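Thanks for asking me to look this one over. Here are my notes, written to be read with the structure open beside you.

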Amino acid sequence: MLNQTVLDLFSYLLMYLPNIVSITFNIIILVFAILIYKRNSYKYGITLMISSIIFLASDIIYLSIQLPFLPIRLHDELGLPFAVISLILMSINIFFLSLYTVSTIFLVVSIYLIYKTHKKERID
């Protein structure tokens with residue numbers, strides 16, 4: 001009963017393609033950060049790992065709750081009124097916004113640490 005929303009494969013793929021690409025990119029960043037931290041034990045490897053793990057968690061949560069179909073399912077299957085649905089969606093969006101903000105802060109910190117670690121004195 002929960003999975004009766006019928007879409008063809010092409011529209012489903014188009015709907016979730018940005019998240020799938022983001023998951024792939026963050027897995028690459030995570031592997032890169034693990035290799036950096038293992039070989040050189042730089043501090044920015046840890047912050048890159050934390051940033052990519054938070055991004056991965058938010059994308060996986062987005063895919064698992066199927067956010068584009070959530071209002072339809074809350075209304076049709078649970079019979080919730082639209083005011084409650086909008087409150088639920090607003091709280092979910094605030095949750096995702098906080099995850100993205102924290103991950104972006106870790107990413108900016110790691111970029112700063114990369115710049116600070118590899119900055120060389122240059123003679124003009």
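Predicted model: local features only at pLDDT ≥ 70, side-chain atom pairs only at ≥ 80, totals over all residues.

1. Let's begin with the largest nonpolar core. Ten residues make it up: Ile 23, Ile 29, Leu 30, Ala 33, Ile 36, Tyr 44, Leu 48, Met 49, Leu 56 and Leu 113. Two elements each give two or more residues to this core, namely helix H1 (9-40) and helix H2 (44-65). H1 provides the largest share, with five residues.

2. Setting aside neighbours within four places in sequence, Leu 30 is in contact with Met 49, Ser 52, Ile 53 and Leu 56. Met 49 and Leu 56 are, like Leu 30, members of the largest core.

3. There is another core to look at, lying apart from the largest one. This other core has nine residues, including Phe 69, Leu 70, Leu 74 and Phe 96.

4. Now for the helix H2 itself. H2 has 22 residues, and from its first C-alpha to its last it reaches 32 Å. That is close to the 32 Å expected at 1.5 Å a residue. Just after H2 comes Gln 66, which takes a positive phi of about 50°.

5. The aromatic residues deserve a point of their own. How many aromatic pairs does a search of the whole structure find? It finds five. Because Tyr 16 lies in helix H1 and Tyr 62 in helix H2, the pair ties together parts that are 46 residues apart in sequence.

6. Are these two tyrosines buried or exposed? Tyr 16 is buried, at 2% relative accessible area. Tyr 62 is buried too, at 19%, and the cut-off for buried is under 20%.

7. Phe 95 and Phe 96 also form an aromatic pair, this one tilted, with 5.8 Å centre to centre and 55° between the planes. Phe 95 counts as partly exposed, at 39% relative accessibility, whereas Phe 96 is buried, with a relative accessible area of 5%. Phe 96 is also among the residues of the nine-residue core.

Methods: Residues numbered from 1 in each chain as written. Heavy atoms only, no water. Core = buried A, V, L, I, M, F, W, Y, C linked by side-chain atoms within 4.5 Å. Buried < 20%, exposed > 50% of the residue type's maximum accessible area, 1.4 Å probe, protein only. Helix = DSSP H or I, 4+ residues; strand = E, 2+ residues; numbered from the N terminus. Contact = heavy atoms within 4.5 Å. Expected span 1.5 Å × (residues − 1). Phe/Tyr/Trp six-rings, centres within 6.5 Å; stacked < 30°, edge-to-face > 60°.
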